[in-house]
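Here is a short report on a few local features of one chain. Please look at the sequence and the structure first.

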Amino acid sequence: QVHLVESGGGSVQAGGSLRLSCGASEYTGNIYLMAWFRQAPGKEREAIAGIFIRDGLTPYADSVRGRFTISRDNDRNTLYLQMNSLKPEDTAMYYCAATSTDLLYWRWTEASEYSLWGQGTQVTVSS
C-alpha cells in the first residue's frame with residue numbers, strides 16, 4: 001500500500017509564500033491523477049489543484065488560480081504545491097490525494113474518486 005506524506009505547512013503572513021510537498025512511500029507509476037485538497041474548520045473539503053500524470057493537465061479551483069502552482073517531480077516521486085500571495089482565507093489543513101483510476105476530467109474535484117490520502121499539513125495565514 002502506497003502512503004502519501006505531506007510536509008511544508010506552517011504559519012505565514014498574508015502575501016507570503018509556502019511550498020507544500022507530498023512524498024510517496026514507493027513508486028507511483030500507475031497513478032493517473034494527483035491533487036491537493038484543503039479543509040478549513042467547519043467547511044467541506046475542497047479540491048484546489050490537480051495534475052493528470054499522463055497528459056500533464058493541471059486544473060485549478062477559481063479561488064487559487066494564478067496564485068498556486070501544482071507540479072510533480074517524477075524522479076523524486078513527489079508532488080508539490082507552490083502557494084504565493086497567500087490570504088487569510090487560505091488557512092486550512094491541506095491534503096494530497098492520488099488515484100490510479102481513469103476518471104472523467106471534471107470529476108477531479110470529487111474527493112470520493114481518490115483512494116490514497118496523506119495525513120494533512122496545516123497552513124495558517126495571518127492578516
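## Nonpolar surface patch

A nonpolar patch joins side chains of Val, Leu, Ile, Met, Phe, Trp or Tyr that lie within 5 Å, where each residue has over 30% relative accessible area and no salt bridge. The model here is predicted.

One such patch is formed by Leu 57, Leu 104, Tyr 105 and Trp 106. Together these residues have about 450 Å² of accessible area. Leu 104 sits in the loop between strand 8 (92-99) and strand 9 (116-117). Its relative accessibility is 53%. The cut-off for exposed is over 50%, so Leu 104 counts as exposed.

Is Thr 78 buried or exposed? Thr 78 has a relative accessible area of 11%. Buried means under 20%, so Thr 78 is buried.

Thr 78 belongs to strand 7, which covers residues 78-83. A polar atom of the Thr 78 side chain lies 2.9 Å from the backbone oxygen of Arg 76.

## Gly 29 in a loop

Gly 29 is placed in the loop between strand 3 (18-24) and strand 4 (33-39). Gly 29 counts as partly exposed because its relative accessibility is 41%.

Gly 29 and Ser 100 are 71 residues apart along the chain. Their C-alpha atoms are separated by 9.0 Å.

Terms used. Residues numbered from 1 in each chain as written. Predicted model: local features only at pLDDT ≥ 70, side-chain atom pairs only at ≥ 80, totals over all residues. Heavy atoms only, no water. Patch = residues over 30% accessible without salt bridge, like charges linked within 9 Å, V, L, I, M, F, W, Y side chains within 5 Å. Areas by Shrake-Rupley, 256 points an atom, 1.4 Å probe, with all protein chains shown as cover. Salt bridge = Lys/Arg side-chain N within 4 Å of Asp/Glu carboxyl O. Helix = DSSP H or I, 4+ residues; strand = E, 2+ residues; numbered from the N terminus. Buried < 20%, exposed > 50% of the residue type's maximum accessible area, 1.4 Å probe, protein only. Polar contact = N/O pair within 3.5 Å; in protein donor to acceptor, adjacent residues only side chain to side chain.
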